[in-house]
Amino acid sequence: MFKISKFNVPFAKEGNFFLYNSHTSSFVKLNDEYRESLRSINNKQFESIPQKHLDDLLEAGFIVKESKDENAFYTYIHNMNRFGSTNFHLTIATTLQCNFRCPYCYEEHVDEYIEGEKEEDLKKFIQNNIQNKSGLSITWYGGEPLLKKDLIDRVSKFAIELCESRGITYSASMVSNGYLLNRETAKKLANENNVRQVQITLDGGPETHNITRILRNGMGSFDIIMKNIKQIYDIMSVNIRVNVSKENVADVYKLLPILIDEGLNQKVGVYFAPVEPINTSCQSVSESCLITKEFSKWEMELIEYADKIGFQIGELYPSHRGASICQAVVQNQYVIDAYGDIFKCWHEVGNKTKRIGSLSEGLTNEENLLKWMNWQLPAKCETCNIMPLCKGRCPDLSLNKEDKNNFECHQLKYNVKDRLFRYYQRSYLDSQKINSDELSKEIGV
């Protein structure tokens with residue numbers, strides 16, 4: 001027999017009844033007949049349920065076989081991804097120095113760079129770790145990675161040639177403040193170094209951005225970054241991250257009309273992210289941070305504003321992440337800092353007490369490594385109906401707390417229904433229509 005999936009998200013709005021499943025990503029507007037069938041299944045009264053209803057609900061993942069342990073399934077796909085990945089991924093901080101001095105940054109900026117012997121150790125580390133791998137991917141990071149364009153160029157060309165000789169794939173992306181990323185630099189990165197994606201941060205309109213995203217000399221950076229984005233969007237995929245705090249949330253509204261006026265509508269991606277006090281070096285901004293529930297409200301209002309003025313922010317449909325999970329808890333994925341130290345988490349770069357090894361010595365700190373590799377989904381997430389959307393959020397949030405369940409949930413916990421209703425309004429989802437091309441086929445094993 002069958003049971004109701006634990007990942008169902010039912011809700012009613014404006015006289016309509018909806019059902020979403022966070023595992024299969026299926027979403028329907030329910031009529032009275034299907035609602036009655038779901039009630040009957042929940043009460044174990046199967047004799048009156050039309051076979052078509054059972055077939056449809058099972059295909060969509062709204063019901064599962066009575067014997068299926070959905071938590072065990074996710075443990076399985078988590079472990080397959082974490083320990084069975086054949087891709088080797090590195091996040092490389094070319095330097096811990098930066099041309100910016102953002103007040104909420106969690107890094108301590110020092111004049112340290114990957115160069116000389118450390119660069120050769122990095123190449124050897126790559127060469128020694130891509131044996132029997134299907135692909136290599138690199139995210140260039142910092143500080144500001146473009147302070148070491150020469151390193152990116154040399155290591156990229158080395159990695160591309162190495163991958164070609166071994167018949168494996170190579171891809172690269174970058175996290176940059178965008179100030180040095182002009183058209184000439186973008187062309188070289190894309191054409192010669194295979195860097196095809198970049199994340200750039202804009203903290204709202206110029207008024208607040210020029211207070212928080214400041215150069216070392218205290219000057220603002222908005223105009224130069226905007227100029228660069230306009231020059232490079234046709235060369236590489238640009239995703240704009242907008243950091244939102246209590247201080248700048250009102251000014252964030254000014255950014256979207258500017259992007260329209262600058263001709264960037266539908267040419268760049270935009271997403272909103274809360275400013276969070278990651279560690280002790282950024283506690284000075286902790287009073288400005290939005291708690292997740294606050295941020296989820298602001299996020300939806302910003303999305304609705306984008307819709308109102310015609311900025312194409314995307315469908316933002318809440319799709320499950322499949323087997324994907326944070327690189328910090330995945331085998332064969334590491335963060336390299338400018339000292340040549342190896343870490344699992346981006347938040348720990350530069351902190352030698354947190355390293356798991358070094359490029360010259362290999363993986364030497366078993367205790368720090370096992371902390372990440374033995375991470376388990378927090379208990380409070382096991383009973384959450386949207387767990388497949390966030391996978392326990394950031395492992396760092398639960399690992400470094402005495403009470404591992406005492407951390408804030410992902411904003412989708414609070415606004416997933418609003419996102420779904422927005423999708424319904426924009427797509428005119430047909431009542432009770434469940435087509436195979438609308439469903440995720442990852443129903444189970």
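Two strands pair if DSSP finds at least two bridges between them. Helices (H or I, at least four residues) and strands (E, at least two residues) are DSSP runs, numbered from the N terminus. The model is predicted: local features need pLDDT of at least 70, side-chain atom pairs count only at pLDDT 80 or more, and totals for chains, interfaces and linings use all residues. Residues are numbered from 1 along each chain as its sequence is written, and side-chain values use heavy atoms, with hydrogens and water left out.

**View 1. An open sheet of 3 strands, in the order S2-S3-S4.**
The pairing in this sheet is antiparallel. Strands S2 and S4 are the edge strands, as each pairs on one side only. On average, neighbouring strands of the sheet are turned by 25 degrees against each other, direction ignored; axes are lines fitted to C-alpha atoms, for helices over the stretch in contact, and angles run from 0 to 180 degrees between N-to-C directions. Strand S3 (residues 16-21) is joined to S4 by 4 bridges, and the two run antiparallel. Opposite Phe17 stands Leu30 in S4.

**View 2. Lys29 and its polar contact with Tyr424.**
Lys29 belongs to strand S4 (residues 27-30). The side chains of Lys29 and Tyr424 are joined by a polar contact of 3.2 Å. A polar contact is a pair of N or O atoms within 3.5 Å; within protein, one must be able to donate a hydrogen and the other to accept it, and residues adjacent in sequence count only if both atoms are side-chain atoms. With a relative accessible area of 16%, Lys29 is buried. Buried means under 20% relative accessible area, exposed over 50%, and partly exposed in between (1.4 Å probe, protein chains only).

A salt bridge is a side-chain nitrogen of Lys or Arg within 4 Å of a carboxyl oxygen of Asp or Glu. The structure holds 27 salt bridges. Lys13 is partly exposed at 30% relative accessibility, and Asp418 is partly exposed at 31%. Asp307 is in helix H10 (residues 292-309) and Arg422 is in helix H15, 115 residues apart. Asp307 is partly exposed at 25% relative accessibility, whereas Arg422 is buried at 5%.

Arg154 forms a salt bridge with Glu119, and their closest N and O atoms are 2.8 Å apart. Arg154 is partly exposed, with a relative accessible area of 35%, whereas Glu119 is buried at 5%. Salt bridges that share partners join Glu115, Glu119, Glu120, Lys123, Lys148, Asp150 and Arg154 into one network.

**View 3. Aromatic pairs: Tyr141 with Trp346, and Tyr317 with Tyr423.**
Rings of Phe, Tyr and Trp (its six-membered ring) pair if their centres lie within 6.5 Å; planes under 30 degrees apart count as stacked, over 60 as edge-to-face and the rest as tilted. A search of the whole structure finds 19 aromatic pairs. The ring centres of Tyr141 and Trp346 are 4.4 Å apart and their planes are at 55 degrees, so the pair is tilted. Tyr141 is in strand S7 (residues 135-141), and Trp346 is in the loop between strand S13 (341-343) and strand S14 (357-358). Tyr141 is buried at 7% relative accessible area, whereas Trp346 is partly exposed at 24%. The rings of Tyr317 and Tyr423 are also tilted, with centres 4.6 Å apart and planes at 55 degrees. Both residues belong to one aromatic cluster, which also holds Phe11, Phe18, Tyr20, Phe27, Phe421 and Tyr424.

**View 4. Lysines over aromatic rings: Lys297 over Trp298, and Lys380 over Phe407.**
A charge sits over a ring if NZ of Lys or CZ of Arg is within 6 Å of the ring centre and within 35 degrees of the ring normal. Lys297 lies over the face of Trp298, 4.7 Å from the ring centre. For Lys380, over the face of Phe407, the distance to the ring centre is 4.3 Å.
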